[in-house]
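Hi everyone, thanks for coming. Let me put the structure up, and then we'll walk through it together.

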Amino acid sequence: MFNPEFIGHSFPTKTVNVEEGKLKFFSQTIGETNPIYLDKDAAKDQGYRSILAPPTYSFSLTLEGESLRDKYEPIGLELGKLLHGAQSFEFFGEICAGDTVIIDSKIVDIFQKKSGALDFCIEEMVVKNVEGETLAVLTQTFIMRH
Amino acid sequence: MSSSEIAKLHVGDMLEPMTHNPISRTTLALFAGASGDHNPIHIDIDFAKSVGLDDVFAHGMLGMAYLGRFLTSIADQRNIRSYSVRFSSITQVGAKLKCIGKVKEITDTSAERLMTIELSATDQNNDVKLIGDAVIAFQ
């Protein structure tokens, strides 16, 4: 069970460098063919600083350098029961290769449905640039099946 | 699509669907590394069996990335204001996801004109795997 005492819990702020090679690998893996996601010159021709991160890539940046077990087991996560229930993104600016982003995340809700058969944990993550401007706000819903 | 092409769309219009290649185990292994989601439930059949499942299943975020490709084929990414999905059922190995979009609503704010696109991804059996929407600015 997710422990409701963690509602409002903030995880330590982290700083992530958006690495060009990793970003390209992600775009290649999802079958992306638009050169703005793969080629620096093509991205620059379209007015981007460098290779553009696809819309969902900020989710991967939030996972960088951490293990799901280390981060969420203390709040009650059992990895074998985990389902990603829902995911939302609000976008305020682009993320490109070479950027540095600052990520803050916190647990905003924990609750149960179906008499405890489904256990929910909602986490909000805010991704900012080094100037402090918000680039993306992510909300993820984890579900554990019991 | 260009901004002017998007401007010609009406509420209820269907967008040209995009179908992705079937999801292989190799894709799941690569996506685990590329996305940073190393949950063994997606890549290690022994782990999946140890928790009572018959097989591994695809990362929800792989489906969301495929649906995101569909979205960025419609709109310039700088014009996407939001993108949300619910993962309505597990996506199995071998699933061939078809991304579908329909114009749901057009609204005007003081700053820009917004289009809400209803999105879904279904597999080869027409089972819905992801359902959601995106809001794009287009004028």
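First, a term: I'll say two residues are in contact if their C-beta atoms, placed from the backbone, lie within 7 Å. With that in hand, residues 24 or more positions apart account for 65% of the contacts in chain B that have a separation of 6 or more.

Some housekeeping. This is a predicted model, where local features need pLDDT of at least 70, side-chain atom pairs count only at pLDDT 80 or more, and totals for chains, interfaces and linings use all residues. Residues are numbered from 1 along each chain as its sequence is written, while chains are lettered from A and ligands numbered from 1 in the order in which they are written.

So, chain B. You'll find four helices and five strands there, taking helices (H or I, at least four residues) and strands (E, at least two) as DSSP runs numbered from the N terminus. Starting at the N terminus, the order is α-β-α-α-α-β-β-β-β.

Now, how do the strands line up? Ten of them form an open sheet, with antiparallel pairing, in the order β1(A)-β3(A)-β4(A)-β5(A)-β2(A)-β2(B)-β5(B)-β4(B)-β3(B)-β1(B). Pairing here takes at least two DSSP bridges between two strands. At the edges sit β1 (14–17) of chain A and β1 (18–19) of chain B, each pairing on one side only.

Look at where the chains join up: β2(A) and β2(B), residues 80–87, are antiparallel over five bridges. Glu90(A) stands opposite Ser82(B) there. Inside chain B, ten bridges link β3, residues 98–108, to β4, residues 113–122, and Ile100(B) has Ser120(B) as its bridge partner.

What about the whole interface? 28 residues of chain A are in contact with 30 residues of chain B. On the chain A side, β2(A) gives the most, with nine residues.

Last stop, the inside. A nonpolar core is a set of buried Ala, Val, Leu, Ile, Met, Phe, Trp, Tyr and Cys residues joined through C-beta atoms within 7 Å; buried means 20 or more other C-beta atoms within 10 Å of a residue's own, again placed from the backbone. The largest one has 58 residues, and Tyr66(B) is among those with the most contacts inside it. Helix α4 of chain B, residues 60–74, gives the most to this core, with nine residues. Tyr66(B) touches Ile30(A) as well as chain B residues including His20(B) and Leu97(B), leaving out residues up to four places away in sequence.

Key: Buried ≥ 20, exposed ≤ 12 C-beta atoms within 10 Å, placed from the backbone.
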